[in-house]
Amino acid sequence: MDVLYGPWPRHHRDVTLAEVRRRLEHSPVGGALALSTRGPLFDDRAGNEETLRDLAGCPELRPVGTVDVRDAMTAEDRLDELAAAGVRFLRLFTAEQAAEPGFPGYRRVVELALARGMVLLHDGDPRRYGPPLMGRGADVVFLDLHAYLLADFLLMAREEPGFRVTTRMLSGPDSVERVVHSVGARHLVFGSRTPFMDISPSTLRLRYADISDDERHAVATGNVEELLS
């Protein structure tokens, strides 16, 4: 979940697709959702085309699309192109593109994406972006949920079957268990932010979590497969 390749401002070198594939090959992770950083940093249309072209030869990677929330007037065309290509996931970069939940452009992009049945991979604080998405039947995976904010997410997830969170920042000693035991394993998906973060802590945390094997399988694989179907 949320695998990026290409240049990124806070890192000193490009992380190429080949290097990302090598890291995944040497990990327990068998597949990932990925996109080129050209989309959020430079040009959404060219970035989406690059992602689709690059990942066509990578059977273990599924493409993720993006749009520039600062230019919502073009979002409809971008989303139609993604839908025509069979892309199910839309990654929003609200931090890099300075989009607040009340901005017209943000609201327009979300409206168009949900109308096309897309799953939102959403950055930012779920306490700010979650409430405007409630009551809309939205499938949303929150990428940046820290363990300290977990209780607020759980309160929303009780009412929203489509709200999910990744394991990436749930490093607290009982965070994985709190999600699974409070609202069910379907609200949790595996995420590591490879290649910008080490993949091992996330895999080990899930492997040794005090949950059942069926719940572990759902978090590691089943929930994402359901979203892809």
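Which side chain meets that of D125 in a salt bridge? In this predicted model, the partner is R127, with 2.7 Å from N to O. D125 is buried, at a relative accessible area of 17%, whereas R127 counts as partly exposed at 43%. Some salt bridges share partners, and in this way E76, D80, R108, E111 and R116 are joined into one network.

Side chains of opposite charge can pair when their charged atoms come close. The count of salt bridges here comes to 19. One of them links E50 with R38, whose closest N and O atoms are 2.9 Å apart. E50 belongs to helix α3 and R38 to helix α2, so this pair ties together parts that are 12 residues apart in sequence. E50 is buried, with a relative accessible area of 16%, while R38 is partly exposed at 36%. Another salt bridge joins R70 and D68 at 3.0 Å between the closest N and O atoms. R70 counts as exposed, at 52% relative accessibility, but D68 counts as buried, at 19%.

The largest pocket holds about 580 Å³. Its lining is made up of 27 residues, and V29, G31, F190, A220 and T221 lie nearest the centre. Two or more lining residues come from each of β2, α9 and α10, and α10 gives the largest share, 7 residues. By class, the lining has 15 nonpolar, 7 polar and 5 charged residues.

The loop between β8 and α9 contains S192. This residue is buried, with a relative accessible area of 4%. The side chain of S192 makes a polar contact of 2.6 Å with that of T194.

Notes
Residues are numbered from 1 along each chain as its sequence is written. This is a predicted model: local features need pLDDT of at least 70, side-chain atom pairs count only at pLDDT 80 or more; totals for chains, interfaces and linings use all residues. Side-chain values use heavy atoms; hydrogens and water are left out. On a 1 Å grid over the protein atoms alone, a cavity is a set of points where a 1.4 Å probe fits but cannot get out, and a pocket is an open set with protein on both sides within 12 Å along at least five of seven lines; lining residues have an atom within 4 Å of a point. Grid points are joined across faces, edges and corners, and a volume is the space filled by probe spheres set on the points. Helices (H or I, at least four residues) and strands (E, at least two) are DSSP runs, numbered from the N terminus. Ala, Val, Leu, Ile, Met, Phe, Trp, Tyr, Cys and Pro count as nonpolar, Asp, Glu, Lys and Arg as charged, and the others, Gly among them, as polar. Buried means under 20% relative accessible area, exposed over 50%, partly exposed in between (1.4 Å probe, protein chains only). A polar contact is a pair of N or O atoms within 3.5 Å; within protein, one must be able to donate a hydrogen and the other to accept it, and residues adjacent in sequence count only if both atoms are side-chain atoms. A salt bridge is a side-chain nitrogen of Lys or Arg within 4 Å of a carboxyl oxygen of Asp or Glu.
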